[in-house]
Amino acid sequence: MATTIKVNGVDRTVDVDGDTPLLWVLRDVLGMTGTKFGCGMALCGACTVHVDGVAIRSCITPIDSVGSSAITTIEAIGATAAGAKVQKAWLDREVVQCGYCQSGQIMSASALLASNPHPSDSDIDAAMSGNICRCGTYVRIREAIKQAAQTTGQGG
Amino acid sequence: MSLDSLSSQAVCAEQSAEANILSRRTFLKAGAAGGGGLLLSLSLPFAKGDAAAADADGFVPNAFIRIEGNGQIVLTMPYVEMGQGTYTAIPMLIAEELEVDLIQVRLEHAPPNERLYGNPLLGGVQATGNSNAVRASWQPLREAGATARTMLISAAARRWNVDPASCRTQSGEVLHAPTGKRFKYGELAADAARIPVPNNVALKRPQDFKLIGTPAKRLDTAGKVNGTAVYGIDVRPPGVKIATLAQSPVFGGRVKSVDDAVAKAVKGVRQIVRLDDAVAVVADHMGAAKKGLAALKIEWDDGPHARLDVPAIAAQLDKATLNPGAVAQNIGDVGSAMARAVTKVEAIYQVPFLAHATMEPMNCTVHVRNDGCEVWVGSQALARAQAAAAKVTGLPLDKVVVHNHLIGGGFGRRLESDGVARAVEIAKHVDGPVKVVWTREEDIQHDMYRPYWFDRISAGLDANGMPVAWNNRFAGSSIIARYLPPAFNNGLDPDSTEGAIDLVYALPNLHVEYVRVEPPGIPTAFWRSVGPSHNVFVTESFIDELAATAKQDPVAYRRALLDKTPRAKAVLDLAAEKAGWGQPLARGFGRGVSLQFVFATYMAQIAEVEVSRDGAVRVHRVVCAVDCGIPVNPDTIRAQIQSAVMFGITAALHGEITLKDGRVEQSNFHDYQILRLNEAPAVEVHIVESREAPGGMGEAGTSCIVPAVTNAIFAATGKRLRKLPIDPAQLKAG
């Protein structure tokens, strides 16, 4: 069954079962491998993308549930104001180690800052605790979100 | 710096490297690289002692600097990047002495070739592990850089007809100050390649370091924040199919029957591959492969381990510690000292099997052709991966091309090549390239696990409560005996005992024995902080028990035993000062300390822990003092300690793999939990200034944190935990 989805502003038509998770459409059908597979059960957040600006787990999101919503992935998040600031903060603070989970971390953090430019520590906990980092970069993730929030306050 | 050609360069690098296996008697020798450049191969006086090394060279090349005629400076990395920062620290060592800026260098993964890239601290295996990349590289890679720089200066001085001593180097150029002349390194590469290799080049004094000791920015991160970094799981050779698999849920079991009718009908499923002990579904994408896998009806013959459980293994280890083992260390006379002791303390400690649970699930992409095999993988041990593929295909090594990739978490898991072998077994049945991706469930249930360890330990105290006898006997699996058999001698290996012997404390009578036991039905492997992951837990918990028995402060008690190990005393003092040791804490809180010397690094940690009335444990703050010798990249050291602390707390609070009817019971992150951001403590790292040679940093923080946490729980509750993971039920108030 052909399904058309809008990924990073571009309409893409794929021929897969309607219950195929968005993650595999992105990675294996469209070749957009920045979005990662971690668990397949929405437990780790590695597969996080935005649907209409909201962070969702693409590993449990059937392709036929997406409709005409705008999907944004790590490959394009830098084009958003929040995403660009998060990416810069991630580099400034040297957050990344193995890096495998960081696509998902950045997507969750970007969604947080886009909707809440000045998150409290508990806001950060709530938004980020669904994203596992096995390298344990949590100290710097928190610092980087705070840095990005400061720059958000100064420049929008 | 660029990483753009990482995988594609591997074959070329191998060819140029092979072409430059040079003199048997020189450490360093120049050769002309393709395009008229300077290629400096580095040899180590390392006798590997196997047939591969014995054929030609007594001295085997190990790493490379390549300066091309176009000015490109290429460093071939013998160690793999898995988040630990080796792709920054290793270039820093070379660049410091070569006098180039990090931004000027390009990095390549080394190809599989143990003769060239064997790790001298891992018995010549081409592997990244045991926190020793910087340790192994510290002297030879700085010498490589200095030798190259000396030759480039000589080439310039000849062209200018001046004294080499009047030249200096800076940022990839040779400068002649009196005349203001300068050459870029690339312009000198062809000439430098013809200059005899100097002996005994002088290395910089530590006070002259410009790069080493500075918090250099990581070289591998840009592509990791925008989705462009390519891990093994991301490769997409043209026409690649995606496969996922079910392996016998009991180790050693076999496939009895497969009904694949429904699976074959799933849209996108192309093929079912049946092996002796596994079934794979090959499909257009992972979604179809997983759906097909779920539709398979597989009957298994569980084989000999069908009833295995962990209590049976623990009982086997318990029994083994009742008989003598191999003596790992003996000081004085424990027997008579124990007999004279005023107080005797005895304890049994146990730690569980643990999975690695790397965020990137196991995967490997393979294309088997009649005349060759191509493998794409992220491996900590590339030559092992190549050998595994050669064995399964029956092809000679030189027909197996392995492309290494960034690693989405290693922690020891990707030192093993079981996944490569499995993927090649499947790929032999597939026409064209196939990417085999483990589901998280398969990844956790078919890991190779940190061993279960059982420790029986006792001590005798004198009238002042100080230890006069220390007797420790422990049993568990030896990874070294399987992975590197020549390093297992007389019942001992250097990993299983690290952290249990050569303690920082002055113990006049000490006796430590190791009993190797290989439990059936569950494979074991290296796991971040390896032997010390259990030995430091036991040792640092037990010394804490002795302090409590003696009714002494845990820091003061340890400190009294450190007169002969001043670096250990210094990190303990620093951690205690920074943590506010002795300051009052709220009810329900406790501070715990641990101290270790493992991976050639001294470390002390103090954990501040809260235990709720329901027994829940929360680690709020960790203070770490570390003396790892010269800190090559201080920011990476901080990052590694922050990381290792989270890894250790994960194990202490949550980590346990159990077996029921021979099957691993845990399957995904709901029942094999990883510490999350809302549970993460603040971590403070204090680095001691040092000019000693560097120690390892990737793992030390993991072994150190675990007893700091359990000792803090003791301080908060009076309850001593001798078995991991921490059981909140034991900590409930009342």
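1. The crossing of α15(B) and α19(B) is right-handed, that is, the near helix is turned clockwise from the far one by less than a right angle. In this predicted model, local features need pLDDT of at least 70 and side-chain atom pairs count only at pLDDT 80 or more, while totals for chains, interfaces and linings use all residues. Residues are numbered from 1 along each chain as its sequence is written, and chains are lettered from A in the order in which they are written.

2. Helix α15 (residues 530-549) and helix α19 (residues 700-717) of chain B have axes that come within 8 Å and cross at roughly 30 degrees. Axes are lines fitted to C-alpha atoms over the stretch in contact, with angles from 0 to 180 degrees between N-to-C directions.

3. Residues of α15(B) that meet α19(B) include B:V536, B:F537 and B:E540; among their counterparts in α19(B) are B:V706, B:P707 and B:F714. Contact requires C-beta atoms, placed from the backbone, within 7 Å.

4. Between chains, the contact takes 50 residues from chain B and 47 residues from chain A. On the side of chain B that touches chain A, α18(B) gives the most, with 7 residues.

5. Chain B comes to 19 helices and 28 strands, counted as DSSP runs (H or I, at least four residues; E, at least two) numbered from the N terminus. Of contacts in chain B between residues at least 6 apart in sequence, 76% join residues at least 24 apart.

6. The C-alpha atoms of chain B fill a box of roughly 85 × 70 × 45 Å, taken along the principal axes.

Definitions and conventions:
Contact = placed C-beta atoms within 7 Å.
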